[in-house]
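Follow it with the structure open.

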Amino acid sequence: MASEALTTIPLTSLPRLSQGKVRDLFSLPDDRTLLFVTSDRISAYDVVLTNGIPLKGIILTLLSAKFFEVLSSRIPDLKHHFLCLGPSSASSAITPAERRMLHGRSMTVRRLKIFPIEAIVRGYVTGSAWSEYEKSQTIHGLPQPAGLSHCQRLPQPIYTPSTKAELGEKDINISPAEARQIVGEKYASCIEELALACYKAGAAYAEERGIIIADTKFELGLDEETDEIYLVDEVLTPDSSRFWSKADYQVGREQDSFDKQVLRNWLTANGLKGKLDVEIPPEIVEKVKARYLEVYERLSGKALDEALKTLEK
């Protein structure tokens, strides 16, 4: 497996539509599908770091594919954008070298209109939710029970959306009522219900494997022809979620995380939170990589190299 991080996607055979913090999006010849390519770039506090995490893009892609399968099996009539891993064999413009580069880190997806919010669901009070709760006993403006402790499980998962910022800008926490104004009355309730259903199904699956999903963000899209809402983007990955060890979980303290928290902690401790042009030191790169690999293997039931070999068959 690759030992160097792939932070730039060298794909010139297809038109590049956009480049986000982590993913590049390419147009496919049929105009109804897109190629979703995940780099090894990593962001924290809404800033992309100068170097990446080797294998990260492959881990995120394969774990998303796994969760699209899991959620489809647990949520009746769920619609999602995922069609297949990699570009189809019909995409003849892609060179052999590009196909090798794309192996394991790309997926063909439906082309949809994306709703301009992050559909965040929280099952535990942590992160920015804990900071707000300490001050006002609310989370995203929603009143919460008195007496909750840091990292305590909420009585029920709650929908706490945010804005979806442009690259280089910061997402802003908003209330469900504010999200309703952005996406429109017609779709707001469906988005909230779908996000909560996906969180509950994913959290139950993860807990069976010794992982707590404290919170996560989903993105949703609209098929404008059928007026149906689809689950899009990545799903339940260590980039989009807080993953904790169930065996080590303890209320009232920071948890041992299988996600970007190692990186966030290093940035904060070194006064680099939100700073540009920061390079991650090798020891932090290795810690983050190890955490991502471990949670992938625990949630998928496969070693990463085994999963990649399966794709070759």
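Helix 1 (residues 56-74) lies across strand 2, strand 3 (33-38), strand 6 and strand 7 (106-110), where contact means heavy atoms within 4.5 Å. The helix runs at about 130 degrees to strand 6; axes are lines fitted to C-alpha atoms, for helices over the stretch in contact, and angles run from 0 to 180 degrees between N-to-C directions. Helices (H or I, at least four residues) and strands (E, at least two) are DSSP runs, numbered from the N terminus. This is a predicted model, in which local features need pLDDT of at least 70 and side-chain atom pairs count only at pLDDT 80 or more, while totals for chains, interfaces and linings use all residues. Residues are numbered from 1 along each chain as its sequence is written, and side-chain values use heavy atoms, with hydrogens and water left out.

The strands under discussion belong to an open sheet of 5 strands in the order 1-2-3-7-6, with antiparallel pairing. Two strands pair if DSSP finds at least two bridges between them. At the edges are strand 1 (16-19) and strand 6 (82-85), each of which pairs on one side only. On average, neighbouring strands of this sheet are turned by 25 degrees against each other, direction ignored. Strand 1 pairs with strand 2 (residues 23-27) in the antiparallel sense over 3 bridges, and Arg 16 stands opposite Phe 26 in strand 2.

Which other helices does helix 1 meet? One of them is helix 7 (residues 282-300): the two axes come within 10 Å and cross at roughly 20 degrees. That makes helix 1 roughly parallel to helix 7, since angles under 35 degrees count as roughly parallel, over 145 as roughly antiparallel, 65 to 115 as roughly perpendicular and the rest as oblique. Residues of helix 1 in this contact include Ile 59, Leu 63 and Phe 67, and those of helix 7 include Tyr 292, Leu 293 and Tyr 296. By class, the contact of helix 1 with helix 7 has 9 nonpolar, 1 polar and 2 charged residues; Ala, Val, Leu, Ile, Met, Phe, Trp, Tyr, Cys and Pro count as nonpolar, Asp, Glu, Lys and Arg as charged, and the others, Gly among them, as polar.

Helix 1 also packs against helix 5 (residues 185-207), at an angle of about 110 degrees and with the axes 10 Å apart. Helix 1 and helix 5 are therefore roughly perpendicular to each other. Lys 66, Phe 67, Val 70, Leu 71 and Arg 74 of helix 1 meet Cys 198, Ala 201, Gly 202, Ala 204 and Tyr 205 of helix 5. These residues divide into 7 nonpolar, 1 polar and 2 charged.

Helix 5 has a further neighbour in helix 4 (residues 176-183), whose axis comes within 7 Å of that of helix 5 and crosses at roughly 130 degrees. Helix 4 is thus oblique to helix 5. The contact involves Pro 176, Arg 180 and Val 183 of helix 4, with Tyr 187 and Ile 191 among the residues of helix 5.

Aromatic pairs come last. Rings of Phe, Tyr and Trp (its six-membered ring) pair if their centres lie within 6.5 Å; planes under 30 degrees apart count as stacked, over 60 as edge-to-face and the rest as tilted. The count comes to 7 aromatic pairs. The rings of Tyr 124 and Tyr 249 have centres 5.7 Å apart and planes at 80 degrees, so this pair is edge-to-face. Tyr 124 lies in strand 9 (residues 117-124) and Tyr 249 in the loop between strand 16 (241-245) and helix 6 (261-269), so the pair links distant parts of the chain, 125 residues apart.
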